[in-house]
Amino acid sequence: SGRSGEFLVEDGLLDLSMSTLTEASDAVVFFGASDPAQAVALTSSTNSLTDTINGVTVDLLGTSDTAVQVTVQQDNELIVSSVNSFVTRFNAAIDQMNDYDSYNEETEQRGILLGDPTLATIRNQMYDVITRQYSDVTGRYQYLSQVGINISSGAKLTFDEAKFRDAMATDLQAVTELFSLKTEEAADDENLAEGISIPASGTTVTASGVGAVLETLLESLTDSIDGRLTNTTNNIDSQIELANDRIDNLNILLASKRGRLEQQYAAMEISLAQMQSQQSALASLAQLAAQTSG
């Protein structure tokens, strides 16, 4: 898009009667003042400005002969909706885990992961994210319970929206840090302390809020190389492969034993047939002897 996507055709003086349908051009915006002479001219090839205002993307939807004022403000409704969605998804994940790790006394039906240690560990780690103190946060809120997120009956999360809104109104920066704090520094031999997670980007997380801790937990569980779930799956696959190998070996032993038994039974049948023939011959001789003596 933009001038960089301009398409030029040379007809070689053949007079192909071609015409321009759409001329390639960049979007141009005068920024900073209503008077173009005092403003800064900005161009974009994508009809979008991403580096003009830190953290703000301005979509250019049309042209205007007069100044356009852009107002940037905190979207509290989106924040509340996001936190509520987090609570709902957390409870859904716990419900699924509990379903896998369940036992129905009436039907005697057990979940497919009943008593599985990996499942129990993951569940405990998820609750730890909710109940721990985030001492790296310097603001007034260091527990999720202080902003309305609690564990209620049935080990489910509840979201007190009114308390959360009060917390945002009281100290929005403290609420933001509680959820989003993530301080990193370049990883080296001096800061590889035990318990500090090192992301693949080559940095060390030195201070964490809820989001950073949850992100680290999920990465440790789902990493395709050495994640806990990956290792557990690989161990189960290895056990299945070992069990299949044992089954194959047992089938070979059973086939060998069956062959021996079949040979033994065949030999026994031949012996019994010979004995039966001998018995018939002896019976004939005994009958002949009785007739002669008579």
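This is a predicted model: local features need pLDDT of at least 70, side-chain atom pairs count only at pLDDT 80 or more; totals for chains, interfaces and linings use all residues.
The largest nonpolar core has 32 residues. Which of them have the most contacts inside it? They are Val-147 and Phe-164. Six elements each supply at least two residues of this core: the helices α1 (76-100), α2 (117-131), α3 (161-170), α4 (172-180) and α5 (210-222), together with the strand β8 (157-159). There is also a second, separate core, of 5 residues, and Val-29, Leu-42, Leu-49 and Val-56 are among them.

Let me stay with Val-147 for a moment. Setting aside residues up to four places away in sequence, Val-147 touches Phe-164 itself, and also Tyr-141, Asp-160, Lys-163, Ala-167, Val-175, Leu-178 and Phe-179.

Next, the packing of α1 and α3. Their axes come within 11 Å and cross at roughly 135 degrees. That angle makes α1 oblique to α3, since the roughly antiparallel class begins only over 145 degrees. The crossing of α1 past α3 is right-handed. On the α1 side, Asn-76, Glu-77, Ile-79, Val-80 and Val-83 take part, and they meet Glu-161, Phe-164, Arg-165 and Met-168 of α3.

Helix α4 contains Glu-177. Beyond its neighbours within four places in sequence, Glu-177 is in contact with Val-137, Thr-138, Gly-139 and Gly-209. From Leu-21, Glu-177 is 156 residues away in sequence and 52 Å away in space, C-alpha to C-alpha.

I come now to helix α6, residues 228-293, where Thr-230 is found. Is Thr-230 buried or exposed? Its relative accessible area is 17%, and the limit for burial is under 20%, so Thr-230 counts as buried. The side chain of Thr-230 reaches the backbone oxygen of Asp-223 at 2.6 Å. Asp-223 is also one of the residues in contact with Thr-230 once neighbours within four places are left aside; the others are Leu-221, Thr-222, Ser-224 and Ile-225.

Asp-15 is not a glycine, yet has a positive phi of about 55 degrees. Ser-17, likewise a residue other than glycine, has a positive phi near 55 degrees. Asp-15 belongs to the segment before β1 (27-31), and Ser-17 lies in the segment before β1 as well. Asp-15 has 61% relative accessibility and therefore counts as exposed; Ser-17, at 65%, counts as exposed too.

Note on methods: Residues are numbered from 1 along each chain as its sequence is written. Side-chain values use heavy atoms; hydrogens and water are left out. Helices (H or I, at least four residues) and strands (E, at least two) are DSSP runs, numbered from the N terminus. Buried means under 20% relative accessible area, exposed over 50%, partly exposed in between (1.4 Å probe, protein chains only). A polar contact is a pair of N or O atoms within 3.5 Å; within protein, one must be able to donate a hydrogen and the other to accept it, and residues adjacent in sequence count only if both atoms are side-chain atoms. Contact means heavy atoms within 4.5 Å. A nonpolar core is a set of buried Ala, Val, Leu, Ile, Met, Phe, Trp, Tyr and Cys residues joined through side-chain atoms within 4.5 Å. Axes are lines fitted to C-alpha atoms, for helices over the stretch in contact, and angles run from 0 to 180 degrees between N-to-C directions. Angles under 35 degrees count as roughly parallel, over 145 as roughly antiparallel, 65 to 115 as roughly perpendicular and the rest as oblique. A crossing is left-handed if the near helix is turned anticlockwise from the far one by less than a right angle, and right-handed if clockwise.
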